[in-house]
Amino acid sequence: GNGLGSRTNENGSLFARRAHAKATSSSGALIGGTGAVADAFSSPILKAYAGLEAKLTAGGDINIQALSHNDAFAETAGTIIGGIAVGASLSDATVDGSTEAYVAGIVTAIDRKISGVNVNIKAHSDDVATATARAVAGGVVAGAGADADALVSTTVKAYVGARADIA
């Protein structure tokens, strides 16, 4: 962007996102099958920045922060009972997206003689992906399978752009 930008919760706290998926299945039959599938995705794009046309002037520290917390939780449970019984539970939890803080414009202090004036650029993302799967089958001939995959693959960047001027 060219100006100033940020995205926070209404109360000014860090950006938080949560995805929760839960699936259950159960059955009983002479010949039967059952399955449960849960997919949870959290994929925010968060930026805090002073763009190319932004001019920030301050008598104290300037802080540009992008702070994010993202959870994805997928849970499945399946139970089948019968003469011939087959069951499966599949769970996938994924957190991806990006958290970015940067300066691309001009940042100066009102009085360049002020000591301790800093430009602080911080990007932080605290991400959790949890997947659980449980499958139970009982019978004369029975089979059950469970698969749980959890993936966190976020991009976090804090930087000063090539055209930025910090004085």
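1. Tyr49, Tyr102 and Tyr159 are linked into a cluster by ring pairs. Rings of Phe, Tyr and Trp (its six-membered ring) pair if their centres lie within 6.5 Å; planes under 30 degrees apart count as stacked, over 60 as edge-to-face and the rest as tilted. By this rule the chain has 2 aromatic pairs.

2. The model is predicted, so local features need pLDDT of at least 70 and side-chain atom pairs count only at pLDDT 80 or more, while totals for chains, interfaces and linings use all residues. Residues are numbered from 1 along each chain as its sequence is written, and side-chain values use heavy atoms, with hydrogens and water left out.

3. The chain has 0 helices and 9 strands. Helices (H or I, at least four residues) and strands (E, at least two) are DSSP runs, numbered from the N terminus. Along the sequence the pattern reads β-β-β-β-β-β-β-β-β.

4. Which strands do the tyrosines join? Tyr49 lies in strand S3 and Tyr102 in strand S5, so this pair ties together parts that are 53 residues apart in sequence. The ring centres of Tyr102 and Tyr159 are 5.1 Å apart and the planes are at 5°, so the pair is stacked. Tyr159 belongs to strand S8 (residues 141–160) and Tyr102 to strand S5, so here the parts tied together are 57 residues apart in sequence.

5. Are these tyrosines buried or exposed? Buried means under 20% relative accessible area, exposed over 50%, and partly exposed in between (1.4 Å probe, protein chains only). Tyr49 is buried at 19%, and Tyr102 is buried at 9%. Tyr159, at 31%, is partly exposed.

6. For the chain as a whole, 35% of the 167 residues count as buried. The accessible surface is about 9200 Å², and 50% of this belongs to carbon and sulfur atoms. Accessible areas come from the Shrake-Rupley method with a 1.4 Å probe; for residues, only the protein chains shown count as cover.

7. A contact means heavy atoms within 4.5 Å. Among contacts between residues at least 6 apart in sequence, 80% join residues at least 24 apart.

8. A nonpolar core is a set of buried Ala, Val, Leu, Ile, Met, Phe, Trp, Tyr and Cys residues joined through side-chain atoms within 4.5 Å. The largest one has 13 residues, and those with the most contacts inside it are Ala50, Leu56, Ile62, Ile64, Ala66, Ala101 and Val107. Strands S3 (45–50), S4 (55–58) and S5 (62–103) each give two or more residues to this core. S5 gives the most, with 5 residues. Another core, of 12 residues, lies apart from it and includes Ala40, Ala93, Val95 and Ala129.

9. What does Ala101 touch? Leaving out residues up to four places away in sequence, its contacts include Ala48, Ile64, Ile121, Ala158 and Tyr159.

10. Asp71 is placed in strand S5. With 14% relative accessibility, Asp71 counts as buried. The side chains of Asp71 and His69 are joined by a polar contact of 3.2 Å. A polar contact is a pair of N or O atoms within 3.5 Å; within protein, one must be able to donate a hydrogen and the other to accept it, and residues adjacent in sequence count only if both atoms are side-chain atoms. Not counting residues up to four places away in sequence, Asp71 touches Arg17, Arg18, Ala19, Ser42, Val95 and Val128.
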